[in-house]
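Colleague: Could you take me closely through one part of this model, the aromatic cluster, and then through what surrounds the strands that carry it? I would like the cut-offs stated as you go.

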Amino acid sequence: QVQLVESGGGLVQAGGSLRLSCTASGSIFSINAMGWYRQAPGKQRELVAAVTHGGTTNYADSVKGRFTISRDNAKNTVYLQMNSLKPEDTAVYYCNADLWAFVGGDIVNYWGQGTQVTVSS
């Protein structure tokens, strides 16, 4: 079994910062892309940022210049540093990973349970 466990969410004032972490554990051979998505009330889940195993990153236009995604492959961990937070960043943030559980297996997509980020104005 594979689990993605997020941490680091919370309540912050506009202009503040938070750092999210997500660690994958369990039967893991190799992790391909890891990323963060978010879902605000009444809205669809959207990609925030993603990073490949080699370190190539991709960001939503709304967070470019404010958020930074990074990963530690040795720890199977992905981070999201969020600066200059705005009230519209308020959402549940979900970790996501594409990984192989064993050699020769299929790549499978996993989700974390989500962590709430609330930005007050």
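Modeller: Ring pairs link Tyr37, Tyr94 and Trp111 into a cluster, where rings of Phe, Tyr and Trp (the six-membered ring of Trp) count as a pair if their centres lie within 6.5 Å, and where planes under 30 degrees apart are called stacked, those over 60 edge-to-face and the rest tilted. This is a predicted model, in which local features need pLDDT of at least 70 and side-chain atom pairs count only at pLDDT 80 or more, while totals for chains, interfaces and linings use all residues. Residues are numbered from 1 along each chain as its sequence is written, and side-chain values use heavy atoms, with hydrogens and water left out.

The structure holds two aromatic pairs. In one of them, the ring centres of Tyr37 and Trp111 are 4.9 Å apart and the planes stand at 65°, so this pair is edge-to-face. Tyr37 belongs to strand 4 (residues 30–39) and Trp111 to strand 10 (residues 107–111), so the pair ties together parts that are 74 residues apart in sequence; strands here, like helices, are DSSP runs numbered from the N terminus (E, at least two residues, for strands; H or I, at least four, for helices). The rings of Tyr94 and Trp111 have their centres 6.4 Å apart and their planes at 85°, so that pair is edge-to-face. Because Tyr94 lies in strand 9 (residues 91–100) and Trp111 in strand 10, the pair ties together parts that are 17 residues apart in sequence.

As for solvent exposure, buried means under 20% relative accessible area, exposed means over 50%, and partly exposed lies in between, with a 1.4 Å probe and protein chains only. On that scale Tyr94 is buried at 14%, whereas Tyr37 is partly exposed at 24% and Trp111 is partly exposed at 37%.

Arg45 also takes part in the arrangement around these rings: its charged end sits over the ring of Tyr94, 3.7 Å from the centre, and over the ring of Trp111, 4.6 Å from the centre. A charge is said to sit over a ring if NZ of Lys or CZ of Arg is within 6 Å of the ring centre and within 35 degrees of the ring normal.

Strand 9, which carries Tyr94, also holds Cys95, and a disulfide joins Cys95 to Cys22 with an S to S distance of 2.1 Å. The rule asks for a pair of cysteine sulfur atoms within 2.5 Å, and by it the count comes to one disulfide. The link of Cys22 and Cys95 is left-handed, with -80° about the S-S bond. Since Cys22 lies in strand 3 and Cys95 in strand 9, the pair ties together parts that are 73 residues apart in sequence. Both Cys22 and Cys95 are buried.

Strand 3 (residues 18–26) pairs with strand 1 (residues 2–7) in the antiparallel sense over six bridges, strands being paired if DSSP finds at least two bridges between them. Within this pairing, Gln3 has Ser25 in strand 3 as its bridge partner. Strand 3 is also joined by six bridges to strand 8 (residues 77–82), the two running antiparallel, and the bridge partner of Cys22 in strand 8 is Val78.
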